[in-house]
Amino acid sequence: MRRPPLEIADLMQFMDSAVCNFLAVDTIKRRLVDAGFTQLDPTAPWTLERSRSYFITKNDSAIFAWVVGDGDPATGVKIISSHSDSPGFRIKPNAEMISEGGVVRLNTEVYGGPILYTWFDRPLSLAGRVMLRGEDALHPITEIVKFDEPLLTIPHLAIHFNRQVNEGNPLSRQRDMIPVIALHSSPSDSRYLLTDLLSTELNVNPDDILDYDLALYDATPSVLIGVDSEMITSGRLDDLSMVHASMTALLDSQQGEMTRVMAVFDNEETGSGTKQGAASPVLYNLLRRINLAMGGDEESFLRSIDSSFMISADNAHGLHPNYPDKHDPTNHPVLGSGPVIKINANCKYMTDAQSAAVFRSICEQAGVPCQTFVNHSDSAGGSTLGNILTSQIDLKGVDMGAAMWAMHSCRETASTRDHSYIIKAFTQFYNL
Ligand code: ZN
């Protein structure tokens with residue numbers, strides 16, 4: 001096997017660390033701090049210096065980083081947006097379900113739209129955040145947690161109990177999708193199993209654990225496949241590969257007139273309707289605040305919006321060789337042939353001819369090929385961040401992503417070459 005290019009080895013490391021929204025933000029935060037970015041307190045007043053780099057987090061699950069441009073605040077900003085969350089399973093409160101013989105399962109709730117049966121019979125683990133008793137009721141303490149070792153599995157029913165399983169098998173989210181975490185003999189210790197696990201892992205008193213946001217994740221690391229290691233298979237490539245590409249480009253790009261922003265929202269998979277999601281005013285408020293803290297005013301801010309441009313980066317469906325009929329006859333991107341501009345006549349994507357032209361020029365300058373995706377006209381397709389953001393702020397921008405297979409599967413597949421192309425295109429955008 002060939003050794004992967006540096007940026008692909010880095011992507012794999014990132015994917016294995018960013019196993020859910022909270023861990024993605026935590027991983028990005030560490031990278032930014034290492035690169036000299038300063039974390040700002042949203043509750044304190046800000047003064048921003050030219051050429052300096054800053055970031056804020058929101059709810060520990062969204063993160064916004066920027067490098068202040070040398071120009072006038074009205075010059076505008078260059079933004080790349082993406083999302084930290086992926087479809088999967090969240091652990092419900094009072095999660096322990098104890099069955100005969102002391103088998104312990106954890107009750108779950110489906111988050112977003114995962115392909116359910118891809119989650120069976122895999123080594124799974126837990127990650128997220130735990131809230132601990134703080135100094136006062138309004139300020140509980142947040143601890144980020146990731147169990148590195150595999151802890152659970154969702155065992156499938158044996159074929160002998162359902163001979164028709166391969167002819168289509170409808171699944172119940174409440175009956176079929178509950179993971180097993182232990183084979184305990186005593187039901188009395190099992191009732192607090194999760195709290196005990198968390199308190200041991202975090203080295204805290206179980207009584208101080210007030211609540212948690214925990215998700216299941218696929219404990220098998222990302223791997224390269226293909227005769228030339230030209231594909232990556234991993235959980236959460238949608239949309240963490242775009243998060244990684246925008247972070248890499250922000251760190252690699254050079255100082256210029258315009259402020260460079262990386263925006264990583266949460267909850268895209270459930271419609272973006274939270275304070276840390278793209279349907280909230282979080283980006284609008286941040287851009288306004290950056291402008292004011294650079295010495296701008298209301299008019300300067302409004303002028304800056306008209307001079308700004310956003311790349312809304314979220315992955316796209318690559319032509320599936322088993323199902324070519326599912327794709328548009330002339331606009332079906334293939335894996336390995338470059339970033340994909342996403343277009344929809346009913347404006348589910350923010351792309352228009354003008355913003356597509358901008359992105360094509362960026363790719364051309366970066367020496368990167370570029371493809372287009374349009375839905376097969378008989379299928380509805382998905383939506384993403386771009387059009388949701390424009391309901392909050394009237395930015396120009398393009399929706400794009402990497403072509404991939406099996407979107408929303410427990411493991412998705414994409415091309416490593418596309419990832420390198422996209423980092424180049426993003427770096428070129430920030431360098432404009
Ligand atoms: Zn996505």
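Select Arg-90 and Tyr-111. The charged end of Arg-90 sits over the ring of Tyr-111, 3.9 Å from its centre. A charge counts as sitting over a ring if NZ of Lys or CZ of Arg is within 6 Å of the ring centre and within 35 degrees of the ring normal.

Before moving on, note that this is a predicted model: local features need pLDDT of at least 70, side-chain atom pairs count only at pLDDT 80 or more, and totals for chains, interfaces and linings use all residues. Residues are numbered from 1 along each chain as its sequence is written, and side-chain values use heavy atoms, with hydrogens and water left out.

Next, pick Arg-289 and Trp-46. Arg-289 lies over the face of Trp-46, at 3.8 Å from the ring centre. Rings of Phe, Tyr and Trp (its six-membered ring) pair if their centres lie within 6.5 Å; planes under 30 degrees apart count as stacked, over 60 as edge-to-face and the rest as tilted.

The whole structure holds seven aromatic pairs. For one of them, select Phe-64 and Phe-265. Their ring centres are 5.3 Å apart and their planes stand at 80°, so the pair is edge-to-face. Phe-64 is in strand 3 (residues 62-67) and Phe-265 in strand 13 (residues 259-265), 201 residues apart. Helices (H or I, at least four residues) and strands (E, at least two) are DSSP runs, numbered from the N terminus. Phe-64 is buried at 0% relative accessible area; Phe-265 is also buried, at 0%. Buried means under 20% relative accessible area, exposed over 50%, partly exposed in between (1.4 Å probe, protein chains only).

Asp-238 lies in helix 5 (residues 237-252) and Asp-314 in the loop between strand 14 (309-313) and strand 15 (316-317), so the pair ties together parts 76 residues apart in sequence. Both Asp-238 and Asp-314 are buried.

Last stop: helix 7 (residues 298-307). Ser-300, Phe-301, Ser-304 and Ile-305 are buried there. On the other side of helix 7, Glu-299 and Asp-306 are exposed.
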